[in-house]
2 protein chains.
Amino acid sequence: MAVTMHDVARRAGVSIKTVSNVVNAYPHIRPETRRRVQEAIDDLGYRLNTTARNLRQGRTGMIGLALPELSLPYFAELADSVMRAAEARGVVVLIEQTGAQRERELQALDSAQRRLTDGLLFSPLALEPEETEKLEVDYPMVLLGERMFGPVDHVTMANVEASRAATLHLIERGCRRIAAIGAHPGETMGSARLRYDGYRKALAEAGVPFDPRLVVEAGLWHRATGAEAMSTLLDSGVPFDGVFGMNDALALGALHVLHARGVSVPHDVAVMGFDDVDDARYSEPLLSTIDPGREQIAQTAVDLLLDRIGGSTVEPRRVVAEFQVVARESSMLGRLVPQGG
Amino acid sequence: MAVTMHDVARRAGVSIKTVSNVVNAYPHIRPETRRRVQEAIDDLGYRLNTTARNLRQGRTGMIGLALPELSLPYFAELADSVMRAAEARGVVVLIEQTGAQRERELQALDSAQRRLTDGLLFSPLALEPEETEKLEVDYPMVLLGERMFGPVDHVTMANVEASRAATLHLIERGCRRIAAIGAHPGETMGSARLRYDGYRKALAEAGVPFDPRLVVEAGLWHRATGAEAMSTLLDSGVPFDGVFGMNDALALGALHVLHARGVSVPHDVAVMGFDDVDDARYSEPLLSTIDPGREQIAQTAVDLLLDRIGGSTVEPRRVVAEFQVVARESSMLGRLVPQGG
DNA sequence: GGTTCACTCTACATCGTTGTAACCATCGGC
DNA sequence: GCCGATGGTTACAACGATGTAGAGTGAACC
């Protein structure tokens with residue numbers, strides 16, 4: 001059926017190991033031999049059988065990437081970055097979706113695919129902090145995008161600092177009543193909590209009073225829920241002059257409703273997002289946001305994981321990516337306007 | 001290191017093959033034996049080594065999915081659908097990005113990863129029709145989303161019919177000067193050509209005169225190029241009252257510019273997209289579009305591929321998914337308005 | 001001229017599974 | 001009481017590569 005090293009070896013009149021040596025660029029081979037082997041390889045159209053090599057070497061050359069959903073732009077772009085980083089380092093990425101469901105996140109930690117990969121990049125959304133001991137797995141793993149405890153490598157964005165910066169940016173633009181969209185009440189460790197903390201921190205530092213009525217819940221961080229949250233807020237009649245969407249999708253959804261309801265952005269209300277997804281460059285108006293350092297996160301995570309796969313047993317590392325405030329149109333003004341009753 | 005069948009066999013006091021039989025649910029095993037083996041498996045925490053099985057069986061249980069870019073929403077959503085379909089059928093998907101570059105599309109056909117998968121779902125964008133013979137590969141393959149020739153299974157959307165329907169929809173809404181955004185002049189087989197053909201067909205059928213000045217080129221089908229194309233069109237001063245974006249990203253980019261330039265949609269200009277990506281549900285106004293049957297495409301493609309992997313050698317099949325016109329806000333009116341000079 | 005050494009290559013075992021053939025029991029049928 | 005069938009299990013050889021040890025060669029060295 002398929003051409004094996006045996007076939008190549010016979011054709012070139014050498015041993016199978018010599019073929020292996022040629023394929024693996026072993027240096028001590030006579031040029032003449034190398035040429036003959038190479039010729040046989042080309043003639044027969046030989047391709048190395050990766051599965052056999054993997055079995056022999058005890059590695060697969062693949063790493064897993066478990067994330068909530070590819071149809072969420074942030075994760076699609078993260079996957080893109082991770083795949084590029086992995087490719088540059090000679091490994092392949094196997095993507096798994098967890099749907100942001102606790103059950104499926106746990107499954108991902110223990111699925112059959114773990115035996116197919118050398119390690120896992122894991123971006124949990126639904127796991128609770130008290131479950132961190134479940135993260136103590138016996139294979140190389142690096143956590144992405146969250147701050148959770150447990151003796152595991154983490155690469156995370158500066159959630160608190162960055163959302164603090166986002167909020168301060170709105171305050172500098174003159175906002176005094178800033179709504180926060182996307183809260184998860186009761187959460188103690190996830191992005192929602194951390195970004196909320198950053199928001200509170202900024203208000204406190206700037207001496208801007210906190211009004212709990214300006215904090216709007218949104219379970220899933222989609223455009224639809226952002227739109228819904230903004231409708232709720234407008235309907236409540238609570239006045240506001242700034243909006244901090246805990247991610248871009250929420251902010252874009254909110255932008256949509258503000259526009260539909262005739263509220264001018266940024267004239268009446270300034271809006272900030274978080275993530276800097278591609279879409280933020282094409283909204284009306286262009287969305288100001290936080291660039292959390294996605295590329296850096298992807299590259300660092302792959303590096304840390306490969307380091308573990310290579311056998312490193314140093315203490316768990318925590319890397320926080322550098323972020324940037326990206327000021328676009330949606331935050332370039334901002335003035336208090338009472339809304340409704 | 002890792003627990004193998006040997007360890008389990010020793011512990012249970014049986015042969016290694018019996019362990020294999022238990023693991024593979026071979027029916028003829030004494031209940032008592034099965035119990036002992038199962039116990040040993042549980043005690044030792046044994047997990048089957050997929051690589052070894054793959055080598056032995058000559059299959060990998062993985063299929064490749066080569067697509068342009070995950071950060072293009074249509075493809076992220078397609079990948080999502082394909083992964084779900086694959087999971088339901090017990091196989092794993094290995095995603096590869098080609099960046100829509102001819103060179104990398106050719107590479108994908110012949111990369112090392114081909115040896116890691118049992119077959120390939122291939123969504124080419126850049127390949128030229130005269131290169132179809134390159135698609136005659138010696139492994140199972142199913143083409144996605146395009147109409148290209150060659151003796152290969154295809155699952156495609158009804159590009160011509162659907163864009164004809166999209167254009168007719170605009171005509172029914174009263175549009176008589178419909179711009180088409182996203183053309184690729186000179187292309188003979190790709191989506192751009194087919195959707196353009198559908199557009200022309202609809203005009204001809206409805207007796208609406210064709211004006212070449214209304215056809216705007218756009219190489220990449222991103223929001224940015226859609227926005228650019230719309231700017232060009234507006235600057236040209238050629239009047240129009242409808243826009244057919246050859247995909248949603250182009251249409252959304254166009255929508256953005258129309259809004260920024262003060263053209264009311266759908267009052268002055270009606271807009272249609274193509275793809276029905278998630279974003280079309282959150283634009284301002286909501287984007288009318290074509291649902292090309294993504295789920296059906298994904299499921300059918302996986303089925304056809306698994307059929308080939310299973311050894312089927314029937315004639316190449318062509319499956320065309322069913323599409324639907326999704327009429328939302330952006331096309332609910334439409335009236336001729338001269339633009340500029 | 002013998003020893004050493006570097007270079008080039010080969011034979012063989014091995015990675016962890018599964019397919020094949022064959023073995024020993026047991027069983028029913030005649 | 002012998003026969004064939006079936007059930008339950010095992011030994012062994014694959015799958016296609018790579019690591020190890022070691023066998024030849026020839027040149028360099030004393």
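Two strands are said to pair if DSSP finds at least two bridges between them, and helices (H or I, at least four residues) and strands (E, at least two) are DSSP runs numbered from the N terminus. This is a predicted model, in which local features need pLDDT of at least 70 and side-chain atom pairs count only at pLDDT 80 or more, while totals for chains, interfaces and linings use all residues. Residues are numbered from 1 along each chain as its sequence is written, and chains are lettered from A and ligands numbered from 1 in the order in which they are written.

**Stop 1: the six-stranded sheet of chain B**

Select the strands E2, E1, E3, E4, E5 and E11 of chain B, which in that order make an open sheet of six strands with parallel pairing. At its edges are strand E2 (92-97) and strand E11 (318-320) of chain B, each of which pairs on one side only. Neighbouring strands of this sheet are turned by 20° against each other on average, direction ignored; such angles run from 0 to 180 degrees between N-to-C directions, and the axes are lines fitted to C-alpha atoms, for helices over the stretch in contact.

Next, pick strand E5 (residues 153-156) of chain B, which pairs with E11(B) in the parallel sense over three bridges. Within this pair, His154(B) stands opposite Arg318(B) in E11(B).

Helix H5 (residues 73-88) of chain B lies across strand E1 (62-67), E2 and strand E3 (119-122) of chain B, and runs at about 170° to E1(B).

**Stop 2: two helix pairs in chain B**

Two packed helices are described by the angle between their axes and the distance between the axes. Select helix H7 (residues 159-172) and helix H8 (residues 191-206) of chain B, whose axes come within 7 Å and cross at roughly 45°. Angles under 35 degrees count as roughly parallel, over 145 as roughly antiparallel, 65 to 115 as roughly perpendicular and the rest as oblique, and H7(B) and H8(B) are therefore oblique to each other. Their crossing is right-handed, meaning that the near helix is turned clockwise from the far one by less than a right angle. Residues are in contact if their C-beta atoms, placed from the backbone, lie within 7 Å, and the residues that make this contact include Leu168(B) and Ile171(B) of H7(B) and Leu194(B) and Tyr199(B) of H8(B). The residues of the contact divide into nine nonpolar, five polar and five charged, where Ala, Val, Leu, Ile, Met, Phe, Trp, Tyr, Cys and Pro count as nonpolar, Asp, Glu, Lys and Arg as charged, and the others, Gly among them, as polar.

Move on to helix H1 (residues 5-12) and helix H3 (residues 31-44) of chain B, whose axes come within 9 Å and cross at roughly 125°. H1(B) and H3(B) are therefore oblique to each other, and their crossing is right-handed. Among the residues that make the contact are Val8(B) and Arg11(B) of H1(B) and Val37(B) and Ile41(B) of H3(B). The residues of this contact divide into six nonpolar, no polar and four charged.

**Stop 3: where the chains meet**

Show both chains together: 36 residues of chain B are in contact with 36 residues of chain A. On the side of chain B that touches chain A, the elements that give two or more residues are helix H4 (50-57), H5, E2, helix H9 (223-236) and helix H10 (248-260) of chain B. The residues of that side divide into 17 nonpolar, 11 polar and eight charged.

**Stop 4: the four-stranded sheet of chain A**

In chain A, select E7, E6, E8 and E9, which in that order form an open sheet of four strands with parallel pairing. Strand E7 (215-217) and E9 of chain A are the edge strands, each pairing on one side only. Strand E8 (residues 242-245) of chain A runs parallel to E9(A), and three bridges join them; in E9(A), the bridge partner of Phe244(A) is Met272(A).

**Stop 5: backbone details**

Finally, centre the view on Val265(A) and Pro266(A), which are joined by a cis peptide bond with omega about 5°. Pro266(A) is in the loop between helix H10 (248-260) and strand E9 (270-272) of chain A.

How values were computed
Two residues are in contact if their C-beta atoms, placed from the backbone, lie within 7 Å.
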